[in-house]
Amino acid sequence: MTVAQLEDVSIIRSGVTLLSAITLSIAENQRWVILGANGAGKTTLLQVLAAQIHPSRGRATLLGERLGAVDVFELRPRIGVSSAALADRLPKGESVADVVISAAYGVTGRWREHYAETDRSRARQLMWQLRVEHLADRTFGTLSEGERKRVQIARALMTDPEMLLLDEPAAGLDLSGREALVGTLGEICLNPTAPTTVLVTHHLEEIPLGITHALLLKQGRMVAAGPLARTLSSELVSYTFDLPLEISTIDGRWSARTTYRPRFS
C-alpha cells in the first residue's frame, strides 16, 4: 500500500519556490529520513505530508486521499505529528497526561472533555513506551527539552496514526538526551506494528535504527531518494550540504565528518 504519493509537487509562496517538482512514493511499513541543510525545504515537505499545506503545483495523495479533494480535518487525525510549531501551542500549565490524551479529541488544551478509560489506558501505555510515565502529573512547562520531545511523540501516537511525522525530534538536546531519544525512536522504527514514519533532521547521527529510506533535499529540490545505504553515499551527501564529507556507519548508526583540511598561515 502506498501511504503518500507526491507527483511533481511544488510549493510557491510570495513568488519564492520553497519546493520544486518533488516526486516521492512512501509505502506502508517504510521508515524515511529527510536530510538537508537549513532552508532546503524539509519542514515544508513535512507540512505537505501532514496535510497542513496544499501543493501550488502537482498532486499529493495521502492515505489514499488527494489533497484538494478531501476534507483535511478528517484526514489529519490519521497522521501523527511532532514538531516545534505544535509544541508551542501546547499549554504549559497542562499535565503531561492531558497533553497526551487530548490528542484523541483533536485539541491542544483540555476544556470540558470527558476522557474514556480506553483513552486513559492508551495514554498510560504510550507514556510508558516513551519513558515519561513518571511525569504524568507534572505540567508540560516544567519539563526538560528532552522530556518534552518524548511527550510530544507519545501525543503524536495517541490516535494510532497511519503515518508518523517527526520534525527534528532531537533538536536542542544534549548528547545524552539525543542518544536516549534516538534509541527510543529506534525501538519505534523497528516495531513492525508502528506506523509508516518520516523523520526530518540535519544530522546523520540522529538517524535511528530501523530507518529504511532517505530523501536528500537541496534548495527545495530532490538530490536523491531511495534505500538508506544507497542514498547516503559520501558523494550525494557532500553535494547536498556543499561540503566534502566522508559518510560512515557502525552497527547501524550513521555519522559524517568533513574531509576538508583548513590551511594555516
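Here are a few notes on one helix pair and on charges over rings in this predicted model.

1. Ground rules: local features need pLDDT of at least 70, side-chain atom pairs count only at pLDDT 80 or more, and totals for chains, interfaces and linings use all residues. Residues are numbered from 1 along each chain as its sequence is written, and side-chain values use heavy atoms, without hydrogens or water.

2. Look at α6 (residues 145-157) and α7 (residues 175-190): their axes come within 11 Å and cross at roughly 15°. That makes the two helices roughly parallel (angles under 35 degrees count as such).

3. As for who touches whom (heavy atoms within 4.5 Å), Lys149, Arg150, Ile153 and Leu157 of α6 meet Ala180, Leu181, Thr184, Leu185 and Ile188 of α7. By class, that's six nonpolar, one polar and two charged residues.

4. Two charges sit over rings (NZ of Lys or CZ of Arg within 6 Å of the ring centre and within 35 degrees of the ring normal). Arg148 has its charged end over Phe140, 5.4 Å from the ring centre; for Lys218 over Tyr239, the figure is 3.7 Å.

Note on methods: Axes fitted to C-alpha atoms, helices over the stretch in contact; angles between N-to-C directions. Helix = DSSP H or I, 4+ residues; strand = E, 2+ residues; numbered from the N terminus. Parallel < 35°, antiparallel > 145°, perpendicular 65-115°, else oblique. Nonpolar A, V, L, I, M, F, W, Y, C, P; charged D, E, K, R; others polar.
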